[in-house]
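Subject: Handover of a structure

Dear colleague,

Please find below the structure that I am handing over to you. My notes on it follow.

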Amino acid sequence: MFTGIVEELGEVVAVENLGDAPPATAGGAPSRSARFRLRGPVVTEDAKHGDSIAVNGVCLTVVDTADGEFTADVMAETLNRSSLGVLAAGSRVNLERPMALGGRLGGHLVQGHVDGTGTIVERIPGEHWEIVKVALPAALSRYVVEKGSITVDGVSLTVVDAGDDYFTISLIPTTLDLTTLGIKKAGDPVNLEVDVLAKYVERLLGRGSADLQDLEEIKEMER
């Protein structure tokens with residue numbers, strides 16, 4: 001579990017294509033997988049094999065660490081659902097270690113499980129902050145609300161405005177200076193993770209409606 005408060009602006013050192021992986025479904029086409037080597041002296045200072053580190057909001061498992069760097073294997077599912085597939089040596093990335101129990105929750109509850117990717121549409125600079133408009137898939141828009149929380153490339157942010165196919169965020173100088181959101185430009189993809197609580201509520205309300213329908217059908221059969 002993460003908070004969306006980026007600890008370090010890291011860098012991709014190398015990306016090794018591991019070739020085709022088994023298809024996700026019977027008869028499906030093979031998918032690619034990859035091994036990433038990333039530099040992050042802060043997040044690796046106490047990291048060990050098997051630990052988790054969020055890379056642009058994607059929870060990855062550490063394979064090994066050495067000299068301020070770590071490697072992580074990225075499966076096809078992750079490459080297909082996130083923007084990690086466009087990273088190359090030299091790409092800057094947002095890094096965060098998991099939250100420690102008993103610590104302060106600075107952002108909001110973030111799982112590191114990306115729901116999809118969005119695209120930066122427009123950047124509107126201001127005197128002390130910058131407004132960024134992000135297009136998102138229609139399937140995710142119902143989870144995004146004004147003044148709610150959303151994770152963009154692993155950064156916990158507050159939604160300023162929520163539309164049917166977009167949302168806007170306001171970035172303070174600290175966020176612009178210390179994360180990749182300061183260097184992203186219009187047309188660039190970003191990883192999105194919506195508030196998991198909204199998804200649970202939707203699921204529970206849907207199940208509640210189904211249970212009510214089942215109860216009505218039982219009563220009808222008993223008559």
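The side chain of S82 reaches the backbone nitrogen of L84 at 3.3 Å, and a polar atom of that side chain lies 2.7 Å from the backbone oxygen of T78. A polar contact is a pair of N or O atoms within 3.5 Å; within protein, one must be able to donate a hydrogen and the other to accept it, and residues adjacent in sequence count only if both atoms are side-chain atoms. S82 itself is found in the loop between helix 1 (76-81) and strand 6 (92-96). It is buried, with a relative accessible area of 8% (buried means under 20%, with a 1.4 Å probe and protein chains only).

Please note that this is a predicted model, in which local features need pLDDT of at least 70 and side-chain atom pairs count only at pLDDT 80 or more, while totals for chains, interfaces and linings use all residues. Residues are numbered from 1 along each chain as its sequence is written, and side-chain values use heavy atoms, leaving out hydrogens and water.

Six strands close into a barrel with antiparallel pairing, in the order 7-8-11-10-9-12. Strands are DSSP runs of E with at least two residues, helices are runs of H or I with at least four, and both are numbered from the N terminus; two strands pair if DSSP finds at least two bridges between them. Strand 9 (residues 149-152) and strand 12 (residues 189-194) are joined by three bridges, and V152 has L192 in strand 12 as its bridge partner.

A cavity is a set of points on a 1 Å grid over the protein atoms alone where a 1.4 Å probe fits but cannot get out, and lining residues have an atom within 4 Å of a point. The space in the largest cavity is about 40 Å³. Strands 7 (116-125), 8 (130-135) and 11 (166-171) each give two or more residues to its lining.

There is also a largest pocket, with a volume of about 290 Å³; a pocket is an open set with protein on both sides within 12 Å along at least five of seven lines. Of its 14 lining residues, V155, S156, L157, I172 and T175 lie nearest its centre. Strand 10 supplies the largest share of the lining, four residues.

Yours sincerely

Notes. Grid points are joined across faces, edges and corners, and a volume is the space filled by probe spheres set on the points. Buried means under 20% relative accessible area, exposed over 50%, partly exposed in between (1.4 Å probe, protein chains only).
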